[in-house]
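Work through these exercises with the sequence and the model open side by side. Try each task before you read its solution.

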Amino acid sequence: GAAAPPASVTITSVDTSGVANEHQPVVASLRALYESCVPLANNPVKKREMDDSGRRLGQLLWRLNAGGVSDTVLPKLSALAAAVSAGDWAAAGHLQVQ
């Protein structure tokens, strides 16, 4: 099987230099969304949630960088990133539960 992402990886520290050009918008969209939420984490509970989300997103981007995201997931991830970038939260929510 594929190697696992390091436990310490986060969305702000993960190397995405190996992510294919067509998937770079996914990286940019998820990072922008994360960064826009950071200032809202103004109490310990929300900060823990953001730290957890940052680790999970970092692991996802690590897998994307390593070529470890399946061909069935990639189009959904791209569509989700496009919806997030457009601020289309209804579409993003629909894609997330598919």
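**Exercise 1: the buried side of α2**

The buried residues of α2 pack against α1 and α3. The model is a predicted one.

Task: state which residues of α2 are buried, and on which side of α2 they sit.

Solution. 
- Step 1. List the buried residues. In α2 they are M50, G54, G58, L61, L64 and N65.
- Step 2. Look at their arc around the axis. The arc is only 115°, so these residues lie on the same side of α2.
- Step 3. Recall the helix geometry. An α-helix has 3.6 residues a turn, so residues three or four places apart point the same way.
- Step 4. Check the face turned away from the buried side. Exposed residues R48 and R56 are carried there.

**Exercise 2: helix lengths**

Task: compare the reach of α1, α2 and α3 with the span expected at 1.5 Å a residue.

Solution. 
- Step 1. Take α1, residues 24-37. Its 14 residues reach 20 Å from first C-alpha to last, close to the expected 20 Å.
- Step 2. Take α2. It has 22 residues and reaches 31 Å, close to the expected 32 Å.
- Step 3. Take α3. Its 12 residues reach 16 Å, close to the expected 16 Å.

**Exercise 3: how α1 meets α2**

Task: decide whether α1 and α2 run roughly parallel or roughly antiparallel, then find the residues that meet.

Solution. 
- Step 1. Get the axes. Those of α1 and α2 come within 11 Å and cross at roughly 170°.
- Step 2. Apply the cut-off. Angles over 145 degrees count as roughly antiparallel. That makes α1 roughly antiparallel to α2.
- Step 3. Name the α1 side of the contact. V26, V27, L30, Y34 and C37 take part.
- Step 4. Name the α2 side. M50, S53, G54, L57, L60, L61 and L64 meet those α1 residues.
- Step 5. Check burial in α1. V26, V27, S29, L30 and Y34 are buried. The buried residues of α1 pack against α2 (44-65) and α3 (74-85).

**Exercise 4: V26 up close**

Task: say whether V26 is buried or exposed, and what it contacts beyond its neighbours within four places in sequence.

Solution. 
- Step 1. V26 is in helix α1.
- Step 2. Read its accessibility. Buried means under 20% relative accessible area. V26 has 2%, so it counts as buried.
- Step 3. List the contacts, leaving aside neighbours within four places. They are L64, L77, S78 and A81.
- Step 4. V26 and S85 are 59 residues apart in sequence, and their C-alpha atoms are 9.1 Å apart.

**Exercise 5: the start of α2**

Task: find which residue caps the N-terminal end of α2, and how.

Solution. 
- Step 1. Look in the loop between α1 and α2. N43 is located there.
- Step 2. Find the capping contact. A side-chain oxygen of N43 lies 3.0 Å from the backbone nitrogen of V45, and N43 caps the N-terminal end of α2.
- Step 3. Look for another backbone nitrogen. That of K46 lies 2.9 Å from a polar atom of the N43 side chain.
- Step 4. Classify N43. Its relative accessibility is 32%, so it counts as partly exposed.
- Step 5. Compare with a position along the chain. N43 and L61 are 18 residues apart, and their C-alpha atoms are separated by 26 Å.

**Exercise 6: α3 and its cover**

Solution. 
- Step 1. Pick a residue in α4 (residues 89-97). L95 is found there. Beyond four places in sequence, L95 contacts A79, L80 and A83.
- Step 2. Look just after α3. G87 takes a positive phi of about 70°. G67, which follows α2, also has a positive phi, near 75°.

Definitions and conventions:
Residues numbered from 1 in each chain as written. Predicted model: local features only at pLDDT ≥ 70, side-chain atom pairs only at ≥ 80, totals over all residues. Heavy atoms only, no water. Helix = DSSP H or I, 4+ residues; strand = E, 2+ residues; numbered from the N terminus. Expected span 1.5 Å × (residues − 1). Buried < 20%, exposed > 50% of the residue type's maximum accessible area, 1.4 Å probe, protein only. Contact = heavy atoms within 4.5 Å. Polar contact = N/O pair within 3.5 Å; in protein donor to acceptor, adjacent residues only side chain to side chain. Arc of directions from axis to C-beta. Axes fitted to C-alpha atoms, helices over the stretch in contact; angles between N-to-C directions. Parallel < 35°, antiparallel > 145°, perpendicular 65-115°, else oblique.
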